[in-house]
Amino acid sequence: MKPRLKSLSWITLALVLFAMLAVPMPALAALGISSVSPDPVVNHIVNVLTVSGSDFDPTAEVSVGGTPLATTFVDSATLTAVLPAGFLPGVYTVTVTNPGPVTFDLPSGLTVLAPTPTPSPTPTPTVTPLPFSRPQMVVLSYYMSTAGVRYGQEFNTSIRLYNAGYARAYGVQVTFTSVDLLMLRNGGLIAVGNLESGGAMDLTQFMTAASLAGRSMVSADMNVSYYDGQGVSYTDKFTLNFPVASTGGSTVVTT
């Protein structure tokens, strides 16, 4: 090789090495947890936790207080995990484990609470009755038996119906209708009967999904009809909303 060409080759190699050193190499993400939601949770129902962080493996597992949970990989920064109903109240460390194993702990990452008992209304005899009183239905609470609606899977919703009026409700009937859900076992009709003023009743309706395509939330209308002591009829309508856990197949929809 001629001296001039050899000299140019060394100069070219030096420039290439300098360019490689001058360009910063991208930093690799490390396993970590930035947040857990919702937090806190109440343990009388199944709770779906969303764990946000970095470098999650498709086979990563979420543990709460050392208890492994059913975990779904959404992407490298998001996992969902199912916390079963009845999980003991307390403040827990949340752990994500990648193959290796490689783990990351988030101390005090989740607080689990017991439900607050709903006190029964106490009659107050000293209150002067209103000139006109009527029954009035309200929904105190409702919750699902599963973490979310899945196509082809039966679930039920439990509803606490309460008479907040100052008169007895007669012939109470509850009907459920929905374009997204099918009513099972009873055709969507529950005959409650009479409900005293200040009285409550727990109802259960079984359902399954009719269609979930492109939906992250579905709903059902709950219609309540009843009479007062003079035979005057009343109707109330409530909308119950349910999150969609899966549209059928393996696609997971988070809400």
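Two strands are taken to pair if DSSP finds at least two bridges between them, and strands are DSSP runs (E, at least two residues) numbered from the N terminus. On this basis, strand β3 (residues 47-54) and β7 pair in the antiparallel sense over six bridges. The structure is a predicted model, in which local features need pLDDT of at least 70 and side-chain atom pairs count only at pLDDT 80 or more, whereas totals for chains, interfaces and linings use all residues. Residues are numbered from 1 along each chain as its sequence is written, and side-chain values use heavy atoms, with hydrogens and water left out.

Strand β7 belongs to an open, antiparallel sheet of four strands, ordered β1-β3-β7-β6. Its edges are formed by β1 (32-37) and β6 (70-75), each of which pairs on one side only. Direction ignored, neighbouring strands of this sheet are turned by 25° against each other on average; for such angles, axes are lines fitted to C-alpha atoms, and angles run from 0 to 180 degrees between N-to-C directions. On the β6 side, a hairpin of two connecting residues leads from β6 to β7, and five bridges join β6 to β7 (residues 78-83) in an antiparallel arrangement. Here A70 stands opposite V82, and T72 has T80 as its bridge partner.

Strand β8 (residues 90-98) contains T95, which counts as buried because its relative accessibility is 14%. The side chain of T95 makes a polar contact of 2.6 Å with that of D105. A polar contact is a pair of N or O atoms within 3.5 Å; within protein, one must be able to donate a hydrogen and the other to accept it, and residues adjacent in sequence count only if both atoms are side-chain atoms. With contact defined as heavy atoms within 4.5 Å, and not counting residues up to four places away in sequence, T95 touches I33, E61, V62, S63, T103, F104 and D105.

Another open sheet of four strands, also with antiparallel pairing, has the order β10-β12-β16-β14. Its edge strands are β10 (137-144) and β14 (181-184), each pairing on one side only. Seven bridges connect β10 with the antiparallel strand β12 (residues 155-163), and Y142 stands opposite I159 in β12. Strand β16 (residues 200-209) contains Q205, a residue that is buried with a relative accessible area of 0%. The side chains of Q205 and N186 are joined by a polar contact of 2.9 Å. Leaving aside neighbours within four places in sequence, Q205 is in contact with F155, N156, T157, F176, M183, L184, N186, G188 and I190.

A nonpolar core is a set of buried Ala, Val, Leu, Ile, Met, Phe, Trp, Tyr and Cys residues joined through side-chain atoms within 4.5 Å. The largest such core has 29 residues, of which V149, V174, F176, L181, M222, V224 and F242 touch the most other members. Two or more residues are given to this core by each of β10, β12, β13 (169-177), β14, β15 (189-195), β16, β17 (217-227) and β18 (233-246). Apart from this core lies another, of 20 residues, among them L31, V64, L69 and V96.

Aromatic rings of Phe, Tyr and Trp (its six-membered ring) were paired if their centres lie within 6.5 Å, with planes under 30 degrees apart counted as stacked, over 60 as edge-to-face and the rest as tilted. By this rule, four aromatic pairs are found. The rings of F87 and Y92 form an edge-to-face pair, because their centres are 5.2 Å apart and their planes stand at 75°. Both F87 and Y92 are buried. The pair of Y226 and Y234 is stacked, at 5.6 Å centre to centre and with 20° between the planes; Y226 and Y234 are both buried. One aromatic cluster is formed by Y142, F155 and F242.

Terms used
Buried < 20%, exposed > 50% of the residue type's maximum accessible area, 1.4 Å probe, protein only.
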